[in-house]
Amino acid sequence: MKGQKVVVGVFTYLDDALKGIQVAKDNAKDYQVYAPTYVPALVHAVDSKRSVIATISLIGGICGLIAGFALAILTGLDWPMRVSAKNIVSIPAYIVVGYEWTILFGALFTLNGMLFLCRIPNIFRKVGYDPRFSDDKYGVVIGCEPDQVDQIKEKLAHTGADEVMVKEGL
Amino acid sequence: MSTDIIKDNATKYSGEVTYHEVNETVLSMLEKPTFGWYVLLLSCIATWVMGFGCWISMMIYGLGMTGLSHPIMWGVYITNFVFWVGIAHSGTLISAVLYLFRAKFRQPIYRLAEAMTVFAVMTAGLFPIIHVGRPWYAYWLMPIPNERALWPNFKSPLLWDVFAVSTYFTVSTTFFIVGLIPDIASARDKAKTKFRKILYSITSLGWTGNARQYKNYVAAYLIFAALATPLVVSVHSVVSWDFAMSIIPGWHATIFPPYFVAGAIFSGVAMVITLVIPLRKIFKLERIITDFHFDAMCKLILLTSGVVTYAYVTEFYVAWFSNNMFERYQFWFRPFGEFKLAFWGMAFCNCMAPLTLWYKPLRTNIAYLFVMSIIINIGMWLERFNIIFTSLARDFIPAAWGGYNFSWIDVGITIGAFGWFGMWMTLFIKFFPSIAIVEVKEVIEAPVRDPHSSVHHH
Amino acid sequence: MQKKSLTILGQNDNVASEGLSRRSFLKVLGAATATTAVACADKADQIIYPNVKGDATQIPGLPSWYSSTCTQCDAGCGVNYKTYEGRVVIVEGNKDHPINKGGLCAIGHSALQDHYDPDRVRQPLEKDSNGVFQPITWKAAYSKIKQAIADDSKRAFLTRPLSGSLEKLVGEWSTDVAVEHYAYEPLDYAQLAKATAAVYGAEYDGVPHYDFSKAEVVLNFGADFLETWISPCEYSRDWAKSRKSKKPVRVFQVEPRLSLTGANADHHLKCKPGTELLIAKAVLKELLSRGKNNLPASLLGELEVSLAEITIDVVAKLSNVKSEKIVSAAQRLAEAKTSLVIAGGASAKTNNEYELQVICALINRVLGNVGQTINLDRLRKVKSDFQKVKSLIAEINDNKYSVLFVDGSNPLFTIPSDYKFGLAIKKLDLVVSFASHLDETSKEAHLILPASSSIESWGDHQPYAGVSSLVQPAMTPVFDTVGLGDMLLKLSRSEELKKFSEFQDYLKAQWQTIHAGAGVAENFETFWKKSLERGGYFADPISVAQLSIPTSVIVTAKLDIASFDSTKIQQKSELVLLPYASVKTFDGRAANRPWMQELPDPITKIAWDTWAEINTKTAAAKKIKTGDLVKISNYYGELQVPAYVTDHVDENVIAVPLGNGHSDFGRYASSVGGGNVYNMIPSDKADHLQLFTTHVELKRALGKHKVANTQDVKDSDKQGKREIARTSYIETKVPGAHDDHHDDHHGHHEPAQMYEQRIHPLYQWGMVVDLAACTGCSACVTACYAENNIPTVGRKIMTEGREMSWLRLERYDDGTSEDLQISFIPAMCQHCQNAPCEPVCPVYATYHNEDGMNVMVYNRCVGTRYCANNCVYKQRRFNWYEYELPEPMEMQLNPEVMKRTAGVMEKCSFCVHRIKDAKDHAKDEGRLVADGEVQPACVKSCPTEALVFGDLNDPNSRVSKLAKHDRAYKILDHHLNTQPSVSYLDNLKYKA
Amino acid sequence: MLGLISSKFLRNNRYYPFALLVILLCSTFVGNSFAEDAAGYQSVGKRAGVWNDGQAALWDLNIIDHFHYFGPVARARGHKPQQPIKFSHVTHVQKNKMECQFCHWTSAKSPYAAIPEVQNCMGCHSLIGGTTPEQQAEITKIKEYYTKGEPIPWAKVHVMPDYVKFNHKRHVKAGVGCQECHGQIQEMDEVERVSSMKMGWCIDCHRERGANIDCTVCHH
């Protein structure tokens, strides 16, 4: 997070937290909002763009479909062995393989996309994080320079935050 | 996800609980194990080690140690395989399909159901390996580049099975772990011992629950659910094709895929009930898992029981209508032949007994439900027994007909599988949150200072 | 994956020319087993032992063939031994031999297991004072015998009937050392010979040669000529030749129990025990009344008197055979241009067998069959003389004898205990056994000098005039044994015999006479070598038999029903014990061969057991079900065997196969209990061993016995409308045109195909099985075991349904006891073009190859067993266990076929190694494989040539012609479109 | 039962690993005791396949070919067993220009390219006694074997698994030189295994030359 210091606001109530977000948006270069669960209003307030994850999944799915059929067809042709009177390349039978790999690749791409977009794994860099955020508190963390600290601190306190703390930034 | 609609009736589905209460209740399940837990864990381990011992002796002396014989080449192991894959299915149904359908009752039970899926697939996956004659070559079923330049046969339903089950395992494990990440973060923040602190720090991958994470997480979650949903249909369809693609009367039936999927959900929901009831009792989750959830699951059971019964009747009808002597003999043989007990047991457990659930008070009678869920599980095991054993016992050439020899090895391995499954379940409930904290919180109305603010109607 | 057993190269020697003076085979064998025994260790460290001396005709890795003669029974079939690196691997019929012309029965194939029997006596043994056998040297053994024959005590030599040079040697030796020679076998044909002499002339004291191929109608009183009777391979072949022709022979079979021969007959007349003579007389009377009176007038008068009381109705009532059936048999006989009437088998061995044989001979004379279907020039001499043996026993019991020599015929087992041979043998000062096994008789011996098996020794066999068949050794003795002839020469005293150092020399000396008699231009050495290659010297007898006119034949005047002993039978029991010779163990000699024990009996499908066939009604009255243990007892003994309830025996008959119930003889024989059936038989005054002669009591014993029956599942012997084994009825329909709606599926019906059918560029191997010629004898099953290293699994595993046979002889019984519809069908892998097993294999372990065969690659198999499930013919066998062979049985393993390990699927390969071999030869000569060049083991073994193998791509091959035959069909093909490569031809039967 | 569970022993957590071990052993024993049923069968033996095949499984990977740590060493390249007689192909083939088929005379006639008979050796060595003392010593050994009438126990260099049927005749007739499989054998004083002789190796050549690659060509 940009800035040497961070101001952390701990909120119990959702409407207070939304106000805190407004403060952050108005005053800071960078801010982070934590929540104990997915709250659409909160997330929307921070970022209203759609996630690109669906595109990644689609690409994965298409790759999987191609890879699945390619695997079945190419290995079949590598050493052609007749079974029953079936054709060497028997597309109906390969649909299952293509289908399964579509899903498999789609899922793996989605997983990787999600990890990338969520910036995890990221075990040690949790600036301004407070354990209460995973319990029942909302948190608005605002990054700022040391000279801005008092101003932001005050503004946050006015939004109804239970507690406002100042911590070292990066 | 749009939880707006959910939240309208949130209290109805999750009781009058707060974020904190959910957090506390669920995380309290992870506290220091009790003596009872150790007993449970040890007995589970002992059971599967016993099964493992049986398998070892089978490896040493040959597959003749089992009760299988010509012509019943597939038997208990494949029965168990299908049974466990079936169990797995309802987990995915509850976690993924119901997620897409916005079914509100899924939230508190889905984690357990998903855990059940993963562990049931892990159990199911053992059985093909136990079953094959030379398990050390089982890897030949994978398309691994090798010096012989030999590849597997992608026309074989068994290879489809390999692909379907391995994909299923990968996707449902991913889905399961992804769902766990925020909850592990909660656990991390409340962890009391150093070991758990480190464990959860690593397994939560540094999840903080910030807005950006939630945005992408929820989008990805929806896609996982969307990917897992066709798997619910496809995996058991592929498993059913192991039978339906073959030529044996009693197996060669177009009805199999839907019939298997319905059966899988049927048995899976029953298994969820079997697991949830004691858990709810032990960890006092009554405020989170309420009668409403049981009632909903019972309705699902009623539906799938109906589908399964319909499938049974259809099989008989088709056998009669086809005027095919082999089919007809097979379906005469099932109710009146050597394995008639299995057939009538199946008919009782799967078709008749669940009918009692039409009576509403029974749907919320926990003790009754527990017994019923076990009956259904037995019934579904017998269903697979019926399909596999009886069909193979009587097919085209009378001179080759045969029966099944009872063997303790079969019993040992079958029971051992429950131990294996139970061991993972037991470990899981003590190490990871077995109720989805974040998702249960989702259906709780977010606390607001000003009740008239517009946040909820956004 | 598994051992070839012997990876050693070349301890070959030219057996034919060098004789038996060979180097230590055992030593090399020991080394071989050492490398294979350490299965868990690294098998890759191996030693190669080269030959010390070379021989350009013996190439390591290539098989050598030796012609010889089968000595398992007296029929005298020619065999070929296939040897690899000096060990015999396969026995096959010799196609140049006039008797069997290529086929060989199951027992003949199993000779190998007698030869490699782990329970054989491995060196000379002497019983010490504690009654324990101790090994001694040959020298010591000889000197002990020489001592014993030095004085003038009375000595006897009891053997099975011998033939050729050995018979002559035994005769000469007996005179030389003052020993009386006795020959005995339990299932002899003495009464037949006696009757032949009585009716056709005294010079014809023997068994005439029957030609079933020329007869239009055969009336058969119980003779199991397709199983064990006299010369089954020869008779089956002749019978099948006729069955395959435009006008098949019609067989009437009269017997109280359905035998395999009876199951193949067109009309089965199930009679009351002992009433065959009545029926024969009724037929004779009917024939005489129809003007068939081709007899001297004096005899006719005599007959008229003796047949006066016979009326069809009375006979029908007494015998429980419908009168119209008897009349119809007589009518068919009268109408036929050529016919044959025979009697024999176990059910004829009553106290009126002689009379029955006489009547049969008379009917044949009346019908003019002599010279047509009965050839008196090719007479088989009957050498077994039970009368003499009985007197021998009596004399031994009177302490008149002090020394007894006995060969491997095991008389103590086959002579019923009531004759007191067991007591007699204990009274002797010295009993010397030349047996190769520690059987019941040799256990009683003081000295055992193990004789070599016929695969290891020289000999010859003259079944009848014109056939001189040679026995030559195909390998060095497996154990420290010596041929019987060599032993006798060593023990001889006279200079006459002493001049021969080896039996081979003696044999050659005898063959000088044959050479002289043959009148061929070539010198003796050439003649000898040619004979060795061919398997013997074969010529047609020139003389034409002249029938003499018998002045009188003893034909008892009364209504003669055989009587049965009922000494001390408590309740009045009508039940009669029928001990019969089975194709599995014959008279007991094949009991210690796992192949034969594991072979399911064709009629009951039981393996590894003795059983009692009991009529359904009789069983119901005693509340006996199949599988229950029953106690069958009379004054003389008792049997405790599982019951097999069937409609196909008379209500008063309990049929038990002979041959099992050994107390000694070897591990396999003694593992089958139940009791020795011979010991149930009372002694009597008759001059032959009467088997069918005693009443018994039947009781349900405690407990059940899990019988290894391959078709014991309920309804598994009913094919219903499945059309697995089909039968066309000759009189109702023209062969080929089938009744009702199945016409569409017949013949060349080609269903629509989803996939383009594969074209096979070079060969497309296929097989045709003519069910009209298949008798169900199961020779193919045993041949397959031998060729493909199929393990025998033993009784316990077999009861679990895990037998490994690649070729299943299915038996279906769709009729009633009145209207028999028994079908046999040899079912092997059908090598389907649309094989259901192939696409389901996940690793291509089974696939379709260029030659149109369904190939199984064992070492690629993971063992999912899906293919076996999906095989509609259920022809795939899974290796549930790994089966070990006791030393030296692994020497029999065919090196061309790998031995499969546990966890692997296997099945019939159409003997792909033989195909590969034929292609290899063809390639060397730059041509294609010719028709008939490849014959899988089953095809080669078939005595009736019911199985034909070849290239379906070649329109002129036998197999493709037969596949287009009117009667051809493919099993289940019209239901499942599997397109098998194996076609079957409908069985043909006359409608009753 | 309940008493046992609630006993102090089980309440003490320290003993759990020990208890686990005991249960594990007992369970394996129970499992194995079922196995004795099968052991009682007359002809059933323990499966030899598990260990050997298990080792072989790794051989599917090409890289294993270059290490000797897995599987039977004698099946790896460079296997050079000690022979009873120091026979040198260099002396015979390179120096004295002998044809391969002079000694291995069955190679064009039979599936086996047999080791020559002792008599065959003696054909020359009854006259040739060797030049150096070492050679003389070795040749004396041959003579000893011959006079005793014993075969020479040669150690097998190229050991194939039993499920492979290799036919020398077909290869020789097709013009495949000895060296293509056996390496530059004329330069070997001691014979060593040069080729991996694994299936992929065979198949490569068969494909290159358009030879048959049907499974039954080698496996039946």
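**Figure 1. Strands β10 and β11 of chain C pair in the parallel sense.** In this predicted model, strand β10 covers residues 217–221 of chain C and strand β11 covers residues 250–255, with 4 bridges between them. Look for C:Asn220, which stands opposite C:Gln253 in β11(C). The two strands belong to an open sheet of 4 strands with parallel pairing, ordered β12-β11-β10-β13 in chain C. At the edges stand β12 (267–270) and β13 (339–343) of chain C; each has a single partner strand, so one side of each is left without a neighbour in the sheet. On average, neighbouring strands of this sheet are turned by 10° against each other, direction ignored.

**Figure 2. An open sheet of 4 strands in chain A shows antiparallel pairing.** Its strand order is β2-β3-β1-β4. Here β2 (30–34) and β4 (163–168) of chain A take the edge positions, each with a single partner strand, so one side of each has no neighbour in the sheet. Strand β1 (residues 5–11) of chain A runs antiparallel to β4(A), and 6 bridges join the two. A handy pair to pick out is A:Val6 and its bridge partner in β4(A), A:Lys167. Helix α1 (residues 14–27) of chain A lies across β1, β2 and β3 (138–144) of chain A, and the helix runs at about 10° to β3(A).

**Figure 3. A:Asp136 sits in the loop between α4 and β3 of chain A.** Helix α4 spans 91–117. Is A:Asp136 buried or exposed? With a relative accessibility of 17%, A:Asp136 counts as buried, because the cut-off for buried is under 20% relative accessible area. Not counting residues up to four places away in sequence, A:Asp136 touches A:Phe11, A:Thr12 and A:Pro36, along with B:Tyr19 and B:His20 of chain B. A:Thr12 is 124 residues away from A:Asp136 along the chain, yet their C-alpha atoms are separated by 7.0 Å.

**Figure 4. B:Ser373 is a buried residue of chain B.** You will find B:Ser373 in helix α15, which runs over residues 366–393 of chain B. The relative accessible area of B:Ser373 is 0%. Which backbone oxygen lies 2.7 Å from a polar atom of the side chain of B:Ser373? That oxygen belongs to B:Phe370. Leaving aside neighbours within four places in sequence, B:Ser373 is in contact with B:Ala270, B:Ile273 and B:Thr274.

**Figure 5. Chain D follows the pattern α-α-α-β-α-α-α-α-α-β-α-α-α along its sequence.** That makes 11 helices and 2 strands in chain D. Of the 220 residues in chain D, 38% are buried. Among the contacts in chain D with a separation of 6 or more, 61% join residues 24 or more positions apart. Chain D exposes about 12,300 Å², and carbon and sulfur atoms supply 62% of that area.

**Figure 6. Residues 1–42 and 732–747 of chain C have pLDDT under 50.** Chain C averages a pLDDT of 86, and 91% of the residues score at least 70. For residues 1–42 of chain C, the model has 104 contacts beyond four places in sequence; for residues 732–747 of chain C, the corresponding count is 26. A friendly caution for these views: where pLDDT is low, the predicted coordinates should not be read in detail.

Terms used
Residues are numbered from 1 along each chain as its sequence is written. Chains are lettered from A and ligands numbered from 1 in the order in which they are written. This is a predicted model: local features need pLDDT of at least 70, side-chain atom pairs count only at pLDDT 80 or more; totals for chains, interfaces and linings use all residues. Side-chain values use heavy atoms; hydrogens and water are left out. Buried means under 20% relative accessible area, exposed over 50%, partly exposed in between (1.4 Å probe, protein chains only). Contact means heavy atoms within 4.5 Å. Accessible areas come from the Shrake-Rupley method with a 1.4 Å probe; for residues, only the protein chains shown count as cover. pLDDT is the predictor's confidence in each residue, from 0 to 100. A polar contact is a pair of N or O atoms within 3.5 Å; within protein, one must be able to donate a hydrogen and the other to accept it, and residues adjacent in sequence count only if both atoms are side-chain atoms. Two strands pair if DSSP finds at least two bridges between them. Axes are lines fitted to C-alpha atoms, for helices over the stretch in contact, and angles run from 0 to 180 degrees between N-to-C directions.
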